Amino acid sequence: MPEGPEVRKYADALDKALTGRAIVSLEARTKEARKWLQENGQRLRSRRVERVVSHGKHLIGYIEGDFFFHSHLMMWGRWQTFGPTKSRREAEPIVLPEKDRRERARIVVEGAAAILLSAPIFNVDQGDPYEKIEILGMLGPDALPYGRAFDAREFLRRLLEHKSETIGAALLNQDIVAGLGNYLRAEVLFACKLNPWLTVGELAGRKLSCLGKTIPRLTRDAYE
């Protein structure tokens, strides 16, 4: 499964391709998104994408007018981007592939596009995505935050609420820290010299401090 650094790279690519450009069309095959678009899709046309970001393994695109789209790639999903053309004012037509059974969503803007393949989770809605999509509101601190320091204090607060859980399992809990998966968890545990079978309650202060420092460092290293 793509982890935080990989999802951030997809968010970067979509942000570069889509942001500042007006929506020509937005289609989806996932059940809830398809239903929402049937009722509201026309309201998105000509609205500009404002930014595309990630939080852990989740990708969120903000659209003017308080709209958004959201995806989670799960195991097999991936985004493809096309364009952008050099000039927004003289947007050249782009050639997109034919739709196939893997396609889950297609966002076309003036001079660029993004296609989501093989991912089971894609949503479109209006409002605050952290209120509309329950799982987003539960996410812990992002292991790869934008323009600020990792919130180690909040991470430790959430971690210590799971004292009976093994540290190996706790680091995969997205409610504790968002963005870690198997490879990052292994690297963090190795760097802090931690047995994954120790419970959170067995960890001394020095080991907890190591986690708070190592998680953002290794996640940033993986991204870069």
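The model is a predicted one, in which local features need pLDDT of at least 70 and side-chain atom pairs count only at pLDDT 80 or more, while totals for chains, interfaces and linings use all residues. Residues are numbered from 1 along each chain as its sequence is written, and side-chain values use heavy atoms, with hydrogens and water left out.

Four strands, in the order 1-6-7-5, form an open sheet with antiparallel pairing; strands (E, at least two residues) and helices (H or I, at least four) are DSSP runs numbered from the N terminus, and two strands pair if DSSP finds at least two bridges between them. Strand 1 (23–28) and strand 5 (78–82) stand at the edges, and because each has a single partner strand, one side of each is left without a neighbour in the sheet. From one strand to the next the twist averages 10 degrees, where axes are lines fitted to C-alpha atoms, for helices over the stretch in contact, and angles run from 0 to 180 degrees between N-to-C directions.

Strand 7 (residues 112–117) is joined to strand 5 by five bridges, the two running antiparallel, and to strand 6 by six bridges, again antiparallel. Leu 116 of strand 7 is the bridge partner of Trp 79 and also of Ala 105. Strand 6 and strand 7 form a hairpin with two residues between them, and Gly 111 in the turn has a positive phi of about 85 degrees. In a regular strand the side chains alternate between the two faces of the sheet. In strand 7, Ala 112, Ala 114 and Leu 116 point one way, Ala 113, Ile 115 and Leu 117 point the other way, and all are buried, which here means under 20% relative accessible area, with exposed over 50% and partly exposed in between (1.4 Å probe, protein chains only). Six of the six residues of strand 7 are buried, so this strand is largely enclosed by the rest of the structure. Helix 1 (residues 4–18) lies across strand 5, strand 6 (103–109) and strand 7, at about 25 degrees to strand 5, contact being counted for heavy atoms within 4.5 Å.

Some loops carry backbone features of their own. In the loop between strand 5 and strand 6 lies Pro 84, and the peptide bond from Gly 83 to Pro 84 is cis, with omega near 5 degrees. Ser 118, in the loop between strand 7 and strand 8 (121–126), has a positive phi of about 65 degrees although it is not a glycine, and Ser 118 is partly exposed, with a relative accessible area of 29%. Lys 193, in the loop between helix 7 (182–191) and helix 8 (205–223), has a positive phi near 55 degrees and is exposed, with a relative accessible area of 69%.

Turning to the pockets, a pocket is an open set of points, on a 1 Å grid over the protein atoms alone, with protein on both sides within 12 Å along at least five of seven lines, whereas in a cavity a 1.4 Å probe fits but cannot get out; lining residues have an atom within 4 Å of a point. The largest pocket holds about 200 Å³ of space, and its lining includes Val 53, Ser 54, His 55, Ile 60 and Tyr 62. Strand 2 gives the most to this lining, with three residues. The second largest pocket holds about 160 Å³, and among the residues lining it are His 58, His 70 and His 72.

Methods:
Points joined across faces, edges and corners; volume = space filled by probe spheres on them.
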